[in-house]
Amino acid sequence: MEIKQTSKKSFFKGLTGQILIAMILGAILGIFIHTSWEPEHAQEFSNKIKILATIFIRLVQMIISPLVFTTLVVGIAKLGDVKAVGRIGGKALAWFFTASFISLLIGMFYVNILTPGIGLNLSNIDASTATEVTGKAQSLSFNNFIEHIVPKSIIEAMATNEILQIVVFSIFFGLAAASIGNHAKPIVDFMDRLSHIILKMVNFVMKFAPVGVFGAIAGVFAVRDFSELAFTYFKFFGSFLVGIATLWLILIAIGYLFLGKRMKTLLNHIISPLIIAFGTTSSEAVFPKLTEELERFGVKDKIVSFMLPLGYSFNLDGSMMYMTFAGIFIAQAYGIDLDLPTQFTMLLVLMLTSKGIAGVPRASLVVVAATCGMFDIPVEGIALILPIDHFCDMFRSATNVLGNALATSVVGKWEED
C-alpha cells in the first residue's frame, strides 16, 4: 500500500501529472467564465489567458531551429558516409509515405461509411470566418511547394522555423562535414556540445508547460459553448474520433509488431509529450522533449537527430487522416458526389501537397482548402469545421507525436539489427 501511495505522489509531482491537473483546472475555469461572464468580457479574458500558451510555444520555438540544426548535423556526421544517410533516409521515407497513405485511407474510409456531412444545415455558417485560411490556400501550388523545400537563406529559415528548409541545409552541411573527416571533427564536437546545452534548456522550458496548457485550455473553453458545439457537430467530431482511435490502434499494433513488449516502455516515455501536444494543439511544441525521451528510450542519438526533423515534415499521421476526412466531409455537406477514383486522386494530391508545411498555422486546413479548390468543392466550406477545429487539432497533434515517436523507434531498431 505504501508503494502505491508513493507512486501516486510522484506522478502528481511529475510533469505529466501537473499537465493533467492544469488541463482540468483550465477547463473548469474556462467553463465558469463562459457561463457567468458577458461574452465580450469572456472574449477579453480568453485573449489574455492565451498569452500563457503563446509564451510557452514561443519558448519552445526559440530552441527548435538550433536544436534541429545541431542534432541533425551531428547525427549525419556520426553516420559517417553518404551510403548510411541514404540507407536510413530510404527507410524513413518508405515508412513515412506508407504511414501517410494508411492515415489518409482511414480518413477516407470513415467519412464514406459514417457520412457526417450528409443532411448538414448550412444556413448558419459564416463563410467570412474562413478568409484567413482560404487566402493562404490560394498560394499553395506545386511550384510553391518545390520552392518552399529549398532555403534561399538558412538564417531566414531559422528565423521563421521552417523545419524542412533547415533539414535540407543541415543534410548538406552534415554530408560535407562527414566527407571531410577529421578536419571537421572540432566543428562536429562543438555542435554536439551545443546540442546538449540546448537540450538542457528544454528542461527549463518544460517546467512552464503546465502553465501554457492551463492558458490554452482556459482560453478555448471561455469562448466556446462546449455543449452546443458537441451537439451541433456531434456526428462530425464523433466520426473523426472513431477514425483517430482506429489510427491509434493500428499504430500501436504496428509498434508491438516491430518493438514487442518495448512498445509499452515507449508509450510510458512519450506520455508527457503526448499530453503537451494535446493541450497546446502543437506537435512542434514537444519536439525538444520528444528528442530527449526517445534517447532515454534507447534510440541512438544519431538516429533520433536524423529521423525526428524529417518526421515533422513528412510524417504527420493525425493531420493526414483529418485531411481526407475534412475534404470529403465538405463535399458531402454541399451535396457534391465524389466517386472513388476522384477520392483516390484527392488522396494522392493530399499526400504530396501536405509535405513540409508543418510550420504553417492551421496547416491541415490550408491544405484541405487548397485541395477543395482543385476538385471544385466550395473552399468556403472550411467555415463548416472552423468552430470544432481546435478540438480536432488536439487529437491530431497528439497522433502526430505518436506517429513520429514510433517511426523513429522502429527505424532505430532496424539499424541495430
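Biologist: Is Trp414 buried, partly exposed or exposed?

Modeller: This is a predicted model, and Trp414 has a relative accessibility of 30%. Buried needs under 20% and exposed needs over 50%. Trp414 therefore counts as partly exposed.

Biologist: How many aromatic pairs does the structure hold, and what is the geometry of Trp95 with Trp414?

Modeller: The structure holds 17 aromatic pairs. In this one, the ring centres of Trp95 and Trp414 are 5.9 Å apart. Their planes stand at 70°, and planes over 60 degrees apart count as edge-to-face. So the pair of Trp95 and Trp414 is edge-to-face.

Biologist: Which helices hold Trp95 and Trp414, and how many residues apart are they?

Modeller: Trp95 sits in helix α4, residues 82–114. Trp414 sits in helix α19, residues 382–416. The pair links distant parts of the chain, at a separation of 319 residues.

Biologist: Is Trp95 buried or exposed?

Modeller: The relative accessible area of Trp95 is 11%. The cut-off for buried is under 20%. Trp95 is therefore buried.

Biologist: What is the geometry of the pair formed by Phe221 and Phe391, and which helices does the pair tie together?

Modeller: The centres of Phe221 and Phe391 are 5.8 Å apart, with 75° between the planes, which is edge-to-face. At 12% relative accessibility Phe221 counts as buried, and Phe391 counts as buried at 4%. Phe221 and Phe391 are 170 residues apart in sequence, so the pair ties together helix α10 (residues 209–223) and helix α19.

Biologist: Which residue has its charged end over the ring of Tyr322?

Modeller: Tyr322 belongs to a cluster linked by ring pairs, whose members include Phe325, Phe329 and Phe395. The charged end over the Tyr322 ring lies 4.1 Å from its centre. That charged end belongs to Arg396.

Biologist: Which residue lies over the face of Phe297?

Modeller: The distance to the centre of the Phe297 ring is 4.0 Å. The residue over that face is Arg262.

Biologist: Where is Glu293, and which residues is Glu293 in contact with, leaving aside neighbours within four places in sequence?

Modeller: Glu293 is in helix α14, residues 287–297. Glu293 is buried, with a relative accessible area of 7%. Leaving aside neighbours within four places in sequence, the contacts of Glu293 are His269 and Pro273.

Biologist: What span should helix α3 have at 1.5 Å a residue, and where does α3 bend?

Modeller: Helix α3 has 41 residues, 39–79, so the span should be 60 Å. The end C-alpha atoms are 57 Å apart, which agrees. A proline, Pro66, follows the bend within four residues. The bend is about 30°, at Ile64.

Biologist: How far does helix α2 reach from its first C-alpha to its last?

Modeller: Helix α2 covers residues 15–36, which is 22 residues. At 1.5 Å a residue, 32 Å is expected. The reach of α2 is close to that, at 31 Å.

Biologist: What is phi of Asp376, and is Asp376 buried or exposed?

Modeller: Most residues other than glycine have a negative phi. Asp376 lies in the loop between α18 (363–374) and α19, and its phi is positive, near 55°. With a relative accessible area of 69%, Asp376 is exposed.

Biologist: How many helices and strands does the protein have?

Modeller: Of the 417 residues, 52% count as buried. The secondary structure comes to 19 helices and 0 strands.

Definitions and conventions. Residues numbered from 1 in each chain as written. Predicted model: local features only at pLDDT ≥ 70, side-chain atom pairs only at ≥ 80, totals over all residues. Heavy atoms only, no water. Phe/Tyr/Trp six-rings, centres within 6.5 Å; stacked < 30°, edge-to-face > 60°. Helix = DSSP H or I, 4+ residues; strand = E, 2+ residues; numbered from the N terminus. Buried < 20%, exposed > 50% of the residue type's maximum accessible area, 1.4 Å probe, protein only. Lys NZ or Arg CZ within 6 Å of the ring centre and 35° of its normal. Contact = heavy atoms within 4.5 Å. Expected span 1.5 Å × (residues − 1). Bend = angle between axes of the 7 residues up to and from the residue.
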